[in-house]
Amino acid sequence: MTALTSAAVVVAQTEGPQGIDLFLPASYDLLWSAVVLVIIAFAFYKLILPRMQAVLDERAEKIEGGIAKAAQAQEAADQALEEQQRLLAEARSDAAKTREEAREEGKAIVAELRVKASEEAARITETAHRQIEAERQAAAVQLRAEVGELATELASKIVGESLDDSARQSRVVDRFLDSLEASQTAAAASGKES
């Protein structure tokens with residue numbers, strides 16, 4: 001078998017390409033490979049590439065549309081947030097105004113009630129003073145009458161004569177009360193000086 005293998009090696013060396021030609025294909029293989037490559041490239045360029053480009057364009061449009069919708073939604077959300085914040089600020093401002101108005105009204109009511117209370121207290125005090133003055137005058141009149149009767153009785157007993165005459169009785173009582181008041185005024189003046 002050695003002779004057979006050595007004969008195959010000798011035949012292979014004499015018939016086929018030698019050296020670098022072993023790695024290079026034959027020119028007819030290059031030609032047909034180039035023709036097939038051009039046909040495949042043409043078919044890819046005309047049939048497959050436009051479909052892939054259409055799919056990519058469609059996806060890009062959907063993505064851009066989604067981005068645009070998201071931007072619009074974000075813008076609408078921002079506007080809604082600004083509107084809510086504006087409304088909230090207005091509501092807070094209105095609430096503050098209402099509270100301030102209520103405070104002012106409360107102060108006005110309290111002031112009005114104080115004025116009414118002081119007027120009522122002044123009226124009650126004035127009424128009480130009038131009533132006290134009326135009662136004092138009534139007591140003075142009653143006391144004067146009682147003192148007059150007692151003075152008349154006493155004077156009748158001292159003088160020994162009846163003082164039934166009302167004019168005489170009135171003169172005696174008035175003189176007695178005047179002298180009593182004069183002595184009280186003198187005593188009060190001397191008490192102030194001391």
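What follows is a set of questions and answers on the fold, the confidence, the pocket and the salt bridges.

Analyst: This is a predicted model, in which local features need pLDDT of at least 70 and side-chain atom pairs count only at pLDDT 80 or more, while totals for chains, interfaces and linings use all residues. Residues are numbered from 1 along each chain as its sequence is written, and side-chain values use heavy atoms, with hydrogens and water left out.

User: What pattern does the protein follow along the sequence?

Analyst: Helices (H or I, at least four residues) and strands (E, at least two) are taken as DSSP runs and numbered from the N terminus. The protein has 3 helices and 0 strands. Read along the sequence, the pattern is therefore α-α-α.

User: In which helix is confidence lowest?

Analyst: The predictor's confidence in each residue is given as pLDDT, from 0 to 100, and its mean over the protein is 83. Confidence is highest in α2, at a mean of 89, whereas the lowest mean, 61, is found in residues 2-15, which form helix α1.

User: Which helix gives the most to the lining of the largest pocket?

Analyst: A pocket is an open set of points on a 1 Å grid over the protein atoms alone, where a 1.4 Å probe fits, with protein on both sides within 12 Å along at least five of seven lines, and lining residues have an atom within 4 Å of a point. Both α2 (27-159) and α3 (166-193) supply at least two residues of the lining of the largest pocket, which includes Leu-143, Arg-144 and Leu-180. With 5 residues, the helix that gives the most is α2.

User: How far apart are the closest N and O atoms of Arg-123 and Glu-120?

Analyst: A salt bridge is a side-chain nitrogen of Lys or Arg within 4 Å of a carboxyl oxygen of Asp or Glu. Because Arg-123 and Glu-120 lie 3 residues apart in helix α2, about one helical turn separates them. They form a salt bridge in which the closest N and O atoms are apart by 2.2 Å.

User: Is Lys-62 buried or exposed?

Analyst: Lys-62 meets Glu-58 in a salt bridge (3.4 Å, N to O). Buried means under 20% relative accessible area and exposed over 50%, with partly exposed in between (1.4 Å probe, protein chains only). Glu-58, at 42% relative accessibility, counts as partly exposed, whereas Lys-62, with a relative accessible area of 58%, is exposed.
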